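Welcome! Please have a look at it before reading on.

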Amino acid sequence: MTDFIAQTQGMNLHLSSGKESLHILKDITFAISPGEVVSIVGPSGSGKTSMLMVMGGLERASSGLVDVGGATLSGMNEDELAEIRRSNIGILFQNFHLIPSMTALENVALALDIAFDDLPLSEIRSRARAALAAVGLAARENHLPSALSGGEQQRVGLARAIVTRPKLLLADEPTGNLDQETATSAIDLLFDLARANGMAVLLITHDNALARRADRQMRMDRGELSQLSAVAA
Ligand SMILES: Nc1ncnc2c1ncn2[C@@H]1O[C@H](COP(=O)(O)OP(=O)(O)OP(=O)(O)O)[C@@H](O)[C@H]1O
């Protein structure tokens with residue numbers, strides 16, 4: 001049980017739309033190990049993002065078990081969920097979500113400052129610098145997002161997601177806004193960082209070639225998750 005960084009058992013998510021209750025995620029039993037990269041493909045509206053939201057403690061499952069970093073999320077209050085997110089989880093979005101008025105370094109440092117409110121400023125700066133160097137952006141740390149290319153902005157997003165050293169990275173279409181070449185290099189980097197840090201990655205993508213590069217490939221269809229393939233170790 002503790003070999004997994006995150007797992008669900010018989011997890012369901014119901015959301016209401018007007019008077020209707022929609023069964024968004026159906027009886028999902030899933031586990032991901034440290035250092036493992038798992039991709040999820042599936043049609044639009046099938047529940048992929050909802051799955052990430054539940055795993056990230058941003059949405060509460062309606063029933064079943066959700067366990068992240070050895071802690072069971074159901075029953076936790078908002079503060080406890082926020083603490084689990086801070087200490088275990090990194091999130092990478094399609095649209096980077098960088099703060100436009102802050103430099104690359106400040107964007108990364110802010111994530112660290114929020115996650116660990118007792119970290120000295122010198123440590124925040126050095127760790128943020130190291131994260132930017134890890135994504136090849138040491139020379140761009142004082143640039144505003146508007147002065148960076150899409151691929152560079154996504155690398156800042158990646159630096160921000162990993163600077164807290166999360167055990168689980170949730171990535172929702174992280175290359176959706178990048179051209180093929182830039183997307184490939186961003187994903188190479190993501191995989192290298194995952195391997196180097198033993199970080200598990202749950203990767204949502206519409207790109208089948210990218211999905212196939214994962215250790216394990218899953219498919220979401222109308223709220224049901226199934227395994228597509230496992231790559232032999
Ligand atoms: N807050 C909400 N209230 C009601 N229904 C919702 C809510 N959020 C999502 N849904 C519905 O849940 C279903 C799954 O949405 P989700 O975003 O998880 O799909 P997805 O597979 O990630 O789609 P896409 O590939 O288009 O991003 C959709 O039918 C969506 O309309």
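Leaving aside neighbours within four places in sequence, G69 is in contact with I5, I84, N88 and K167; two residues are in contact if their C-beta atoms, placed from the backbone, lie within 7 Å. This is a predicted model, in which local features need pLDDT of at least 70, side-chain atom pairs count only at pLDDT 80 or more, and totals for chains, interfaces and linings use all residues. Residues are numbered from 1 along each chain as its sequence is written. Helices (H or I, at least four residues) and strands (E, at least two) are DSSP runs, numbered from the N terminus.

**More about G69**

- You will find G69 in the loop between β4 (63-68) and β5 (71-72).
- G69 counts as partly exposed because it has 16 C-beta neighbours inside 10 Å. A residue is buried if 20 or more other C-beta atoms lie within 10 Å of its own, exposed if 12 or fewer, and partly exposed in between, with C-beta atoms placed from the backbone.
- A distance of 11 Å separates the C-alpha atoms of G69 and A31, which are 38 residues apart along the chain.

**Helix α3 on its own**

- Helix α3 (residues 104-115) has twelve residues and reaches 17 Å from its first C-alpha to its last, close to the 16 Å expected at 1.5 Å a residue. The expected span of a helix is 1.5 Å times one less than its number of residues.
- Buried residues in α3 are A104, L105, N107, V108, A109 and A111.
- The cover over the buried residues of α3 includes α4 and α5 (150-162).
- As background, an α-helix has 3.6 residues a turn, so residues three or four places apart point the same way.

**Where α3 meets α4**

- Helix α3 and helix α4 (residues 121-134) pack at an angle of about 120°, and their axes are 9 Å apart. Axes are lines fitted to C-alpha atoms, for helices over the stretch in contact, and angles run from 0 to 180 degrees between N-to-C directions.
- That angle makes α3 oblique to α4. Angles under 35 degrees count as roughly parallel, over 145 as roughly antiparallel, 65 to 115 as roughly perpendicular and the rest as oblique.
- The crossing of α3 with α4 is right-handed. A crossing is left-handed if the near helix is turned anticlockwise from the far one by less than a right angle, and right-handed if clockwise.
- On the α3 side, A104, L105, V108, A109, L112 and D113 meet I124, R125, R127, A128, R129, A131 and L132 of α4.
- This contact of α3 with α4 has nine nonpolar, no polar and four charged residues. Here Ala, Val, Leu, Ile, Met, Phe, Trp, Tyr, Cys and Pro count as nonpolar, Asp, Glu, Lys and Arg as charged, and the others, Gly among them, as polar.

**Where α3 meets α5**

- The axes of α3 and α5 are 8 Å apart, and the two helices pack at an angle of about 25°.
- That makes α3 roughly parallel to α5.
- Helices α3 and α5 also cross in a right-handed way.
- In α3, A104, N107, V108 and A111 meet V156, A159 and R160 in α5.
- By class, five nonpolar, one polar and one charged residues make up the contact of α3 with α5.

**Where α5 meets α6**

- Helix α5 and helix α6 (residues 180-197) cross at roughly 15°, with axes that come within 10 Å.
- These two helices, α5 and α6, are therefore roughly parallel to each other.
- Their crossing, that of α5 and α6, is right-handed.
- G150, G151, Q154, R155, L158 and I162 in α5 meet T182, A186, L189, L190 and L193 in α6.
- The contact of α5 with α6 divides into six nonpolar, four polar and one charged residues.

**A closer look at L193**

- L193 has its place in helix α6.
- With 19 C-beta neighbours inside 10 Å, L193 counts as partly exposed.
- Apart from its neighbours within four places in sequence, L193 is in contact with A134, I162 and M199.
- L193 and G35 are 158 residues apart along the chain, and their C-alpha atoms are separated by 9.5 Å.

**Two residues with positive phi**

- D27, found in strand β2 (residues 20-32), has a phi near 50°, a positive value in a residue other than glycine.
- R222 has a positive phi of about 50° although it is not a glycine, and R222 is found in the loop between β9 (216-221) and β10 (224-230).
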